[in-house]
Amino acid sequence: MNEELVRVDNLVKYYSVKGGVFRKETAQVKAVDDVSFSIAKGETLGLVGESGCGKTTVGHTMLQLRSHTSGSVTFEGKDILNLKGAELKEMRRKMQIVFQDPYASLDPRLPVGESIAEGLKIHKMGNAHERSDMVMKNLRKVGLQHFHANRYPHEFSGGQRQRIGIARALALKPEFIVLDEPVSALDVSIQAQVLNILRDLQKELGLTYLFVAHNLAVVEHISDRVAVMYLGKIAEISPRDELFINPQHPYTQALMSAIPIPKPNRKRERVILKGDVPSPLNPPTGCRFHPRCPIAEEICSREEPQLKALSSHPEHQVSCHLRS
């Protein structure tokens, strides 16, 4: 295992719900509730779960795009959630993000070359000629040509716009990139192209990724380890191959059963979960998955399980009372 680059400890993010004449806080949305994990240099950690489970909020909070409620995020040994001013600006150069919607994340009034160069100007990297060279170099890295720099976002396809988003993230030569569902809005054939670009760039530049997604097949393709989230908490975290061969948490098993098998004569037994995902405004007591869990026992509704390693595989951790 390589040296640790990023560590998240007990990260919490609650959103206030206000109401009444005086707009007082009436409740809290527990979007992220005590999440911990680490990512080694050069590693890709896949973060998966249903829509609304808090996975995107984790990525945004790690980069201070959203304020945190409590907890810490350590990058190269430095707690970054309390940085401000020049220190925060310097740290953000090393930590970038590729957003889910490539069109919404690009300024429609700017040629894409200027959008890519914007970060270089803010961080005062090079003169105008050097910045232009950097833009062209990064466009080529993602499979685009120099003349694309003068075009506007609406002139590109969805896949090309996402490549531009990746080029913009690369411009500042970061060490860590949060990939927030970067291929979920793309056609399957284009998804494969973008994923291959990301893998090639990681090998070439030694990048570290947090890959946020809800598609387990995509996560299996690109990740070294996978963390599964449910209703603001980590349910299971494991090396990729171990997780896909031997999923332990009932929620992970249900997710795995929904992955299509590309062989018509083979069928996978589906695990159909009962009920709906509870509201993060009022999550269940004990294990948050217990109202939908097919194997839940009385202790599951009473006590909250801790994320603990399996005795047979120390790197495989599960938050379940009935697994050991």
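Tutor: A residue is called exposed when its relative accessible area is over 50%, buried when that area is under 20%, and partly exposed in between. The model before us is predicted. Arginine 109, with a relative accessible area of 66%, is therefore exposed.

Student: With which residue does arginine 109 form a salt bridge, and how far apart are the closest N and O atoms?

Tutor: The partner is aspartate 107, and the closest N and O atoms are 3.1 Å apart. Aspartate 107 has a relative accessibility of 23%, so this residue counts as partly exposed.

Student: How many salt bridges are there by this rule?

Tutor: The rule asks for a side-chain nitrogen of Lys or Arg within 4 Å of a carboxyl oxygen of Asp or Glu. The count comes to 14. One of them joins the side chains of lysine 55 and glutamate 181, at 3.8 Å from N to O. Lysine 55 belongs to helix α1 (residues 55-62) and glutamate 181 to the loop between β7 and α6, so the bridge ties together parts that are 126 residues apart in sequence.

Student: Are lysine 55 and glutamate 181 buried or exposed?

Tutor: Both residues are buried. For another case, take glutamate 303 and arginine 302, which form a salt bridge with their closest N and O atoms 3.4 Å apart. Glutamate 303, at 37% relative accessibility, is partly exposed, and arginine 302, at 46%, is also classed as partly exposed. Elsewhere, salt bridges that share partners link Glu4, Arg7 and Asp9 in one network.

Student: In which sense do β6 and strand β7 pair?

Tutor: The pairing of β6 with β7 (residues 176-180) is parallel, over four bridges. Within it, methionine 95 stands opposite phenylalanine 176.

Student: What is the order of the strands in the open sheet?

Tutor: The four strands follow the order β2-β1-β4-β5, with antiparallel pairing. Strands β2 (24-40) and β5 (78-79) form the edges, each pairing on one side only. Strand β1 (residues 4-19) is joined to β2 by 13 bridges, and tyrosine 15 stands opposite valine 29 in β2. Helix α1 lies across β1, β2 and β4 (70-75), at about 110° to β1.

Student: How many residues of helix α5 are buried?

Tutor: Ten of its 13 residues are buried, so α5 is largely enclosed by the rest of the structure. Among the buried residues are Arg161, Gln162, Arg163 and Ile166. The buried residues of α5 pack against β6, α3 (112-122), α4 (128-141), β7 and α6. Helix α5 (residues 158-170) spans 19 Å from its first C-alpha to its last, close to the expected 18 Å.

Student: Which residues touch the most other members of the largest nonpolar core?

Tutor: That core has 53 residues, and those touching the most other members are Val142, Ile166, Ile177, Leu198, Leu201 and Phe211. With residues up to four places away in sequence left out, isoleucine 166 touches Val98, Val142, Val194, Leu198 and Leu201. A second, separate core has 32 residues, including Leu5, Leu83, Met95 and Ile237.

Key:
Residues numbered from 1 in each chain as written. Predicted model: local features only at pLDDT ≥ 70, side-chain atom pairs only at ≥ 80, totals over all residues. Heavy atoms only, no water. Pairing = 2+ DSSP bridges. Helix = DSSP H or I, 4+ residues; strand = E, 2+ residues; numbered from the N terminus. Buried < 20%, exposed > 50% of the residue type's maximum accessible area, 1.4 Å probe, protein only. Core = buried A, V, L, I, M, F, W, Y, C linked by side-chain atoms within 4.5 Å. Contact = heavy atoms within 4.5 Å. Expected span 1.5 Å × (residues − 1). Axes fitted to C-alpha atoms, helices over the stretch in contact; angles between N-to-C directions.
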